[in-house]
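Visitor: Please take me through the salt bridges here, one part at a time. I would like cut-offs with every term.

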Amino acid sequence: MQKSLRIKNDIHELSTINRFLGKAGEEWGLSASFMMSLELVMEEAVSNIIFYAYEKGSVVDDAVDIRLEWVDRWLTVTLEDHGVAFDPTAKKDPDITLSAEERPIGGLGIFLIKKIMDEVSYRRVDGRNIFIMRKKVIA
């Protein structure tokens, strides 16, 4: 089963994404705790695209394509954008042993995504960033 959504690069679109996720989660029988984790992952990943992939102040109607695929207890989330090339999987994990004051700002969102999801991958194809996140859902 598959569902898709296209959004513009506007932070207000996060509520649209949450409604989209909620409908998919309900239809596919995903638990509330799983959906909370998924919403966090999506908020982090999509807000990075919204804030950093496109020129500040520009609104792009087809900024992010979101695809959810549910097959054999695996949820695959694919985010595609045509913004600035950025590989989130190449970002070094922050040193979480440092205090909040010692740690540089940023990087925790990608770290959380890597910790919550079972697999993350990135590729750049034909001027598009393709970020794929997968999670095995245990009943």
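**The salt-bridge network**

Guide: A network of salt bridges links Arg6, Asp65, Arg67, Glu80 and Arg128. A salt bridge here is a side-chain nitrogen of Lys or Arg within 4 Å of a carboxyl oxygen of Asp or Glu. By this rule the count comes to seven salt bridges.

Two notes on the model. It is predicted: local features need pLDDT of at least 70, side-chain atom pairs count only at pLDDT 80 or more, and totals for chains, interfaces and linings use all residues. Residues are numbered from 1 along each chain as its sequence is written, and side-chain values use heavy atoms, leaving out hydrogens and water.

Helices (H or I, at least four residues) and strands (E, at least two) are DSSP runs, numbered from the N terminus. Glu80 also meets Arg67 in a salt bridge, at 3.8 Å from N to O. Glu80 is in β3 and Arg67 in β2, so this pair ties together parts that are 13 residues apart in sequence.

Is Glu80 buried or exposed? It counts as buried, because its relative accessibility is 17%. Arg67 has a relative accessible area of 30%, so it is partly exposed. The cut-offs: buried is under 20% relative accessible area, exposed is over 50%, and partly exposed lies in between (1.4 Å probe, protein chains only).

β2 and β3 pair in the antiparallel sense over eight bridges. Pairing takes at least two DSSP bridges between two strands. Within this pair, Trp70 has Leu75 in β3 as its bridge partner. The hairpin of β2 and β3 has two residues between the strands, and Asp72 takes a positive phi near 50° there. Arg73 lies in the loop between β2 and β3. Its phi is near 70°, a positive value in a residue other than glycine. At 35% relative accessibility, Arg73 counts as partly exposed.

β2 also joins β1, antiparallel, through six bridges. Lys3 stands opposite Leu68 in β2. Lys3 forms a salt bridge of its own with Glu27, with the closest N and O atoms 3.0 Å apart. Here strand β1 (Lys3) is linked to helix α1 (Glu27), 24 residues apart. Lys3 is partly exposed, because its relative accessibility is 21%.

One general point on strands. In a regular strand the side chains alternate between the two faces of the sheet.

Next, the nonpolar core. A core is a set of buried Ala, Val, Leu, Ile, Met, Phe, Trp, Tyr and Cys residues joined through side-chain atoms within 4.5 Å. The largest one has 36 residues, and Ile17, Met42, Val46, Ile66, Leu79 and Met133 touch the most other members. Elements giving two or more residues include β1 (2-7), β2 (64-71), β3 (74-81) and β5 (128-136). Helix α2 gives the most, with nine residues.

Ile17 is in helix α1. It counts as buried, because its relative accessibility is 1%. Leaving out residues up to four places away in sequence, Ile17 touches Leu5, Ile7, Met42, Val46 and Ile66; contact means heavy atoms within 4.5 Å. The C-alpha atoms of Ile17 and Val46, 29 residues apart along the chain, are separated by 9.2 Å.
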